[in-house]
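The sequence and the structure follow.

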Amino acid sequence: MKKLLLMNGPNLNLLGVREPAVYGTTTLADVEERVRAYAAERGTEVDCFQSNHEGALIDRLHAARGVYDGIVYNPGAHTHYSYALRDAVSSIDVPCVEVHISDIDTREEFRRVSVIAPVCVAQIKGKGVAGYEEAVDVLLGL
C-alpha cells in the first residue's frame, strides 16, 4: 500500500473561517477527511499534518524520507518566500505536489511567485479543495 503525507502550512487551520470568499467554507478537518477517503479508494493511506511554524514543517519534510511515497503540500504564505522550505523539499527524495485552493496567479502580485514550485513535481492551483485530490492522482501516477 502506498502512503502519502498531506501537509498544510500557516493559517490553513482556519479554513472555513478565514476569507470564505477566497478559500470556501470547507474546514481543514473536512479537507483531511476528504483526501483520506479519496486516497483510500485508490488503495493509499494518508497521514495529515498542519503547522503555522516553518521549523515544524521542515522537520516533517525531513522525516518523510523512507516513510512516504509522496507529499501533497499547501505551503500557504510560505509559498512566496520560504527558501528554507524550498530547500527542505529539494533535499528529500520524496515527490511533492504543491497545492493552492485559490488561483495564486490571479491574486495580489506578491502571491504570484512560488519559490517552492520549482522543486515540486507539479503545482495545482485554483481548483478549490478538489486540487488536493488531483495532487493525489498526480502522485499515484508517477
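Which side chain meets Glu134 in a salt bridge? The partner is Lys127, with N and O 2.8 Å apart. Glu134 is partly exposed at 29% relative accessibility, and Lys127 is also partly exposed, at 44%.

The model is predicted, and 5 salt bridges are found in it. One of them joins Glu133 to Arg34, where the closest N and O atoms are 2.8 Å apart. Because Glu133 sits in helix H5 (residues 130–140) and Arg34 in helix H2 (residues 28–40), this pair ties together parts that are 99 residues apart in sequence. Glu133 has a relative accessible area of 14% and is therefore buried, the limit being under 20%. Arg34, at 35% relative accessibility, counts as partly exposed.

Another salt bridge links the side chains of Asp137 and Arg42, at 3.5 Å from N to O. Asp137 belongs to helix H5, while Arg42 lies in the loop between H2 and strand E2 (44–50), so parts that are 95 residues apart in sequence are tied together by the pair. Asp137 is partly exposed at 33% relative accessibility, as is Arg42, with a relative accessible area of 37%.

| Glu133 | Arg34 | 2.8 Å |

How values were computed: Residues numbered from 1 in each chain as written. Predicted model: local features only at pLDDT ≥ 70, side-chain atom pairs only at ≥ 80, totals over all residues. Heavy atoms only, no water. Salt bridge = Lys/Arg side-chain N within 4 Å of Asp/Glu carboxyl O. Helix = DSSP H or I, 4+ residues; strand = E, 2+ residues; numbered from the N terminus. Buried < 20%, exposed > 50% of the residue type's maximum accessible area, 1.4 Å probe, protein only.
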